[in-house]
Amino acid sequence: KELNSGRKLKEEPIYQLTSTTWIPKISGQTLLLKHVSSKGEPSVRREGVPHAPIYAVCAPTKHVVIVNKLVTRATLIVHCMNKEEDKGVISLGPGDSFDFRFRVNLRKTTVYTCSFAWPGNTATFDIFRADRDDNPQSKVGVCSECIWSIYEPAPCRDRRDGGQPNCFPWAS
């Protein structure tokens, strides 16, 4: 089988959108396609399979890292979640880190909120917000690896260029 460009594809699971366009399955990433039928509904046809709805785009994996940098060197209790997933309660000693990976949804509305607790304090913060962390127009830009240093006064997202981190106020 050939793509419009004439490149040959391996005989792996292949999705046919038109009689001349073939899209291969991409290993290691989710291949997300959006094809609108004449009725205005997204659809795809897989060889031998009737049309079925599909919503997709190649969404790269995001990696959030949370580092306990409390000046008091206290243990930091972290609990992160979004609407679909609870990452559980994690205890971080001084300098310890916790990380998780995920993909941003198609609407770019993905939010992971974390609660933080250390002796005498509790705070909440959206550790990942697609409008802030996956938006080239935002003040802090896109991060594929979002490294957060947690200090008593504020959570700070480290910069890849080694510059001053971007610190934000606690939500509560």
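Modeller: Start with a term: a contact means heavy atoms within 4.5 Å. In the protein chain, residues 24 or more positions apart account for 46% of the contacts with a separation of 6 or more. Some ground rules come next. This is a predicted model, where local features need pLDDT of at least 70, side-chain atom pairs count only at pLDDT 80 or more, and totals for chains, interfaces and linings use all residues. Residues are numbered from 1 along each chain as its sequence is written, and side-chain values use heavy atoms, with hydrogens and water left out.

Of its 172 residues, 36% are buried (under 20% relative accessible area; exposed is over 50%, partly exposed in between; 1.4 Å probe, protein chains only).

Now the close look, at N82. This residue sits in the loop between strand 6 (76-81) and strand 7 (86-92). N82 counts as buried because its relative accessibility is 15%. Which residues does N82 contact, leaving aside its neighbours within four places in sequence? They are V111 and Y112. With the side chain of Y112, the side chain of N82 makes a polar contact at 3.3 Å (a pair of N or O atoms within 3.5 Å; within protein, one must be able to donate a hydrogen and the other to accept it, and residues adjacent in sequence count only if both atoms are side-chain atoms). A polar atom of the N82 side chain also lies 2.7 Å from the backbone nitrogen of E85.

Notes. Helices (H or I, at least four residues) and strands (E, at least two) are DSSP runs, numbered from the N terminus.
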